[in-house]
Amino acid sequence: MASKNGAGSVASDFEGKTSMDPSYRPEKGTDLEYKDKSRVLVLYTGGTIGMRIHDGVYTPEPNFLVNELRKLSIFHDQEYVVKHSTPEPNFLVNELRKLSISHDQEGMNSPLCMPLSKEKAYVVYCVYEYEPLLDSCNMTMDDWARIASDIKTYYEGFDGFVILHGTDTMAYTASALSFMFENLGKPIILTGSQIPIFETRSDGRDNLLGALIMAGNSKIPEVMILFNNKLLRGNRSTKFNSSSFDAFHSPNFPPLAVLETEIHVHRDKIFPSNTTQECTLYTDLCPSVGILRLFPTITTAMVRQFLAPPLKGMVLESYGAGNAPDSREDLMQVFSEARERGVLLLNITQCHRGSVSPGYATGQALTVAGVIPGSDMTPEAALTKLAFVIGREDWSSEDKKKKLSQNLRGELGGFMWY
């Protein structure tokens, strides 16, 4: 079940203080009318989007993002806020106090409000800045748990959530969060940028605007990535390009929405969630997992060493449609030995697009050795799913094997979509 929150998280800042009151709603006549307004919590974990140049390189800049967003009319309608202000604290600050969210930060104490959209709706949002801000290369499973725990703690108080995140490991975080939340009923959208948002040229402005709009209005109950005007299922996404604004692809599944002159939401592609049940969070991920990519002449000794304890699960990136050298009985024997020790082995393709298929004898050899077919999962989804499944102590060994082949959060199946 859910593990303890990491030090410095939103939740841990207020541990032991006034409990959340999920039934609270602002009264009429307060600062901003509650009708036709959606509330979004932005968790700013770090990444290029909020960086500045120091000594010729991009570095995180604490206490910078929110103040700069206030200066941009596309992100904050100060005139509307002033026009509708009262001597009393505005409604969202009151609500934050009820929710026990720390409002010592500027972005929490004084929420921002996007300009009125053509749909006559406002998105009011708060930004909580993590300390320290992280380059996503430094993200760990503990950070995933911290983000998930903060969202769960304030789940009832907001209509959607945006996570500002570095691009390098964004797909890993999105995949992990998708498995950690069960019966998710609200949008969780990760975004970032290739160029900092306050540079003259930046993809960050459109990415953040799109994420706020979709988090506040789409009601898509999934963990997603918004990049370059495409809303992708998080556990179907992978970073495809290190320099293009079109940095993320969903190779085996179509976008859930495309933001053009109109916003086109593909409702038939949304993964069904049991929103009649309470949203549940599981943060106990197993860290003893890894990815091994097959290559010609890989040695048995190398594979055996990789599979040695404390490893509990391995994603095998095999050739083509899930193939491996069936003439290598020594290699198949190593996989069989690992399976007998209880190591879970999951087979995915090295190809950017496609799926593991049982149609070749070289693929059947892996299945016989106990390697579980992983369909068309991305490496990021396969690894985080493996960590999630192994971490579920309430599931038996047989249950875990079955779960790896099942479509838990829309992470596998249907790669022939075009």
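Me: What do the buried residues of α11 pack against?
Reply: This is a predicted model, and in it they pack against β17 (313-318), α10 (329-340) and β18 (344-349). Packing here rests on contact, with heavy atoms within 4.5 Å.

Me: Which residues of α11 are called buried, and why?
Reply: In helix α11 (residues 361-368) they are G363, A365 and L366. Buried means under 20% relative accessible area, so that is where these three fall.

Me: Why do you say they line one face of the helix?
Reply: Look down the axis of α11: its buried residues fall within an arc of 150°, so they sit along one face. The face turned away from that buried side carries A361 and V368, which are exposed, and exposed means over 50%.

Me: What makes β10 and β13 a pair?
Reply: Two strands pair if there are at least two bridges between them. Strand β10 (residues 230-233) and strand β13 (residues 257-259) have 2 bridges, so they count as a pair, in the antiparallel sense. K230 stands opposite V258 in β13.

Me: Why are β4 and β14 said to stand at the edges of their sheet?
Reply: The open sheet has 9 strands in the order β4-β5-β1-β6-β8-β9-β10-β13-β14, with mixed pairing. β4 (112-113) and β14 (263-265) each have a single partner strand, so one side of each is left without a neighbour in the sheet.

Me: Which helix lies across β1, β5, β6 and β8?
Reply: That's α6 (residues 141-153), running at about 150° to β5. Helix α8 (residues 204-217) packs on the sheet too, and its direction makes about 160° with that of β6.

Methods. Residues numbered from 1 in each chain as written. Predicted model: local features only at pLDDT ≥ 70, side-chain atom pairs only at ≥ 80, totals over all residues. Heavy atoms only, no water. Buried < 20%, exposed > 50% of the residue type's maximum accessible area, 1.4 Å probe, protein only. Helix = DSSP H or I, 4+ residues; strand = E, 2+ residues; numbered from the N terminus. Arc of directions from axis to C-beta. Axes fitted to C-alpha atoms, helices over the stretch in contact; angles between N-to-C directions.
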